[in-house]
Amino acid sequence: MPSTASPAPRPRRADAERSRAAVLDAATALLAERPDAGMRDIAAAAGVTRQTVYAHFASRDALVGAVTERVTGEAVAAMDEAGLEEGPAAEALTRLQDIGWRLFRRNPVVIQAGTDPVRGGSGETLHEPVDARLTRLVERGQRDGEFDPAPPAAWLVAVVTALGHAAGHEVAAGRMSADEGADALRTATLRALGAPPPVPGDAPSPS
């Protein structure tokens with residue numbers, strides 16, 4: 001006797017996850033070009049209704065937070081592939097900052113979010129993986145005599161992080177170009193750590 005059972009419905013959870021991923025993909029791409037894009041614009045780019053976007057992200061800040069988390073994850077993965085344990089700590093620190101700056105400058109809304117560490121409610125969580133790598137570099141530089149050994153490493157990490165926020169804020173406000181911000185951040189960071197400033201022309205381009 002042939003079965004009269006209806007076909008199994010498509011898993012709603014899988015559909016919801018695909019829909020959320022489509023919204024996040026669209027938001028990441030659109031906000032990179034238009035940091036002021038609204039939820040209606042993002043919905044149109046994703047090919048869904050604005051109600052669908054709000055079903056996944058309760059507010060624009062929540063969506064920006066998810067984009068920031070994605071970009072931060074990409075930055076951390078790139079940092080882990082950059083051989084931060086190799087060579088002088090100062091050079092490795094420059095590589096770390098340049099990797100982050102390259103990714104974040106392609107996503108201006110992330111730089112803006114980074115100037116407000118509580119935006120989207122996940123600022124501290126997003127900082128943790130980068131801070132952990134930065135802390136290891138600072139501690140290594142202090143052990144090797146490259147950085148000032150007197151201040152606690154945690155203090156130096158906080159200073160370097162604050163400098164990064166300041167550079168991002170100046171770029172976001174249009175008072176500095178991205179290249180100027182990267183150069184100023186690199187020089188100020190090495191000075192704060194008590195390391196020699198970079199030699200002009202030796203620093204890698206942040207483009």
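Modeller: This is a predicted model.

Biologist: How do I describe the way two helices pack?

Modeller: Two packed helices are described by the angle between their axes and the distance between the axes. Here, α4 covers residues 60-80 and α5 covers residues 89-105; their axes come within 9 Å and cross at roughly 150°. The crossing of α4 past α5 is right-handed.

Biologist: Which residues of α4 and α5 make the contact?

Modeller: From α4 they are Val-71, Thr-72, Glu-74, Ala-75, Ala-78 and Met-79, and from α5 they are Leu-96, Ile-99, Gly-100, Leu-103 and Phe-104. By class, the contact has eight nonpolar, two polar and one charged residues.

Biologist: Why do the numbers in such a list come in steps?

Modeller: An α-helix has 3.6 residues a turn, so residues three or four places apart point the same way.

Biologist: Which residues are buried in α4?

Modeller: In α4 the buried residues are Leu-63, Val-64, Gly-65, Ala-66, Val-67, Thr-68, Val-71, Thr-72, Ala-75, Val-76 and Met-79.

Biologist: How many of the 17 residues of α5 are buried?

Modeller: 12 of the 17 are buried, so α5 is largely enclosed by the rest of the structure. Among them are Ala-89, Leu-93, Gln-97, Asp-98 and Trp-101. Leu-96, Ile-99, Gly-100 and Leu-103 are also among the buried residues of α5.

Biologist: Now take single residues. Is Arg-20 buried or partly exposed?

Modeller: Arg-20, in helix α1 (residues 12-33), is partly exposed because its relative accessible area is 36%, between the cut-offs of 20% and 50%. Leaving aside residues up to four places away in sequence, Arg-20 touches His-56, Phe-57 and Ala-66. Arg-20 and Phe-57 are 37 residues apart in sequence, with C-alpha atoms 8.6 Å apart in space.

Biologist: What does Ala-26 touch?

Modeller: Ala-26 also lies in helix α1 and counts as buried, at 10% relative accessibility. Not counting residues up to four places away in sequence, Ala-26 touches Ile-42, Ala-45 and Ala-46. From Ala-26 to Ala-44 the separation is 18 residues in sequence and 8.9 Å in space, C-alpha to C-alpha.

Biologist: Is Gln-142 buried or exposed?

Modeller: Gln-142, in helix α7 (residues 123-143), is buried, with a relative accessible area of 15%. With residues up to four places away in sequence left out, Gln-142 touches Phe-147, Asp-148, Pro-149, Pro-151, Ala-153 and Leu-156.

Biologist: What is the secondary structure of the chain as a whole?

Modeller: The chain has nine helices and zero strands. Of its 207 residues, 37% are buried. Among contacts between residues at least 6 apart in sequence, 64% join residues at least 24 apart. The chain exposes about 11300 Å², of which carbon and sulfur atoms supply 55%.

Note on methods:
Residues numbered from 1 in each chain as written. Predicted model: local features only at pLDDT ≥ 70, side-chain atom pairs only at ≥ 80, totals over all residues. Heavy atoms only, no water. Axes fitted to C-alpha atoms, helices over the stretch in contact; angles between N-to-C directions. Helix = DSSP H or I, 4+ residues; strand = E, 2+ residues; numbered from the N terminus. Left-handed = near helix turned anticlockwise from the far one by under 90°. Contact = heavy atoms within 4.5 Å. Nonpolar A, V, L, I, M, F, W, Y, C, P; charged D, E, K, R; others polar. Buried < 20%, exposed > 50% of the residue type's maximum accessible area, 1.4 Å probe, protein only. Areas by Shrake-Rupley, 256 points an atom, 1.4 Å probe, with all protein chains shown as cover.
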